[in-house]
Amino acid sequence: MKNIKLINGYPFTKFSRETYNAVEMKERAASFYEWMNRRRTCRDFSDKPIPKEVIENIVLTASTAPSGAHKQPWTFCVVSDAEIKSKIRVEAEKEEYESYNGRMPEDWKNDLLPLQTDWKKEFLDIAPYLIIVFKKSYDFDEEGKKANTYYANESCGLACGFLLAAIHSAGLVALTHTPSPMNFLSKILNRPVNEKPYLLIPVGYAADECWVPDIKRKELDDVAQFY
Ligand code: IYR
């Protein structure tokens, strides 16, 4: 039976987990870093199908992320329907065309040159799944009354991090795509007023031939200060 005790009337369950000795811990931390450092953002997807169950577990993993007051202020819209994907591509490309041809300042476009991105987003049709993450700035309770969420931005960022790690762990690739503005996603997916589009993430196998920018990641000294 589950070990439950009440603290001020609220149920708590006893938490325990395995620990590792220093040697094992060093080895696990190093190999996890090595594994995560192999993750790359990909723009060339295969259309090869993925079992739905895999996507379900990826979304469940994302939803294990910590969130403000445990409100889990997110909805993951999972799109595999070709017609909806195509609608999303048309609208995303409209916005991206405007962004690349006027809205984005020159220095921004220059910073993107090493990544060779442009307004064309064919991956939105090709990737077998698009996961569109919606952020709930507030929620509705069972009676339909407004209910608060907290740190929805931070919470969704954490959930997306977990999502990307889960995708990587399954041997799949993703792209954190940020069409801007992205309110067209609320319309196409018919989302309620309390949800705002947060990130659009195509998921799939990398294409047989997939090239990614030859970028380097910052050294520890450049990203950390030890006190
Ligand atoms: N939203 C555009 C532009 C873009 C912006 C950043 I910052 C990137 O790291 C990559 C692309 C797009 O998705 O193409």
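Tutor: Apart from its neighbours within four places in sequence, Thr-149 is in contact (heavy atoms within 4.5 Å) with Lys-71, Pro-73, Lys-136, Ser-137, Tyr-138 and Asp-139. The model is a predicted one, in which local features need pLDDT of at least 70 and side-chain atom pairs count only at pLDDT 80 or more, while totals for chains, interfaces and linings use all residues. Residues are numbered from 1 along each chain as its sequence is written, and side-chain values use heavy atoms, with hydrogens and water left out.

Thr-149 sits in the loop between strand E6 (146-148) and helix H6 (152-169); helices (H or I, at least four residues) and strands (E, at least two) are DSSP runs numbered from the N terminus. Its relative accessible area is 11%, so Thr-149 counts as buried (under 20%; exposed is over 50%, partly exposed in between, with a 1.4 Å probe and protein chains only).

Ser-155 is buried because its relative accessibility is 2%. Leaving out residues up to four places away in sequence, Ser-155 touches Pro-66, Ser-67, Gly-68, Pro-73, Trp-74 and Tyr-150.

The surroundings lead on to helix H3 (82-103). Strand E3 (74-79) and strand E4 (129-136) are among the elements that cover the buried residues of H3, as are H4, helix H5 (123-126), helix H7 (184-188) and strand E8 (195-204). Those buried residues are Lys-85, Ile-88, Ala-92, Glu-93, Glu-95, Glu-96, Ser-99 and Tyr-100. In general, an α-helix has 3.6 residues a turn, so residues three or four places apart point the same way.

At its N-terminal end, H3 is capped by Asp-81, which has a side-chain oxygen 3.0 Å from the backbone nitrogen of Glu-83. The end C-alpha atoms of H3 are 29 Å apart, which agrees with the 32 Å that its 22 residues should span at 1.5 Å a residue (1.5 Å times one less than the number of residues).

How values were computed
A polar contact is a pair of N or O atoms within 3.5 Å; within protein, one must be able to donate a hydrogen and the other to accept it, and residues adjacent in sequence count only if both atoms are side-chain atoms.
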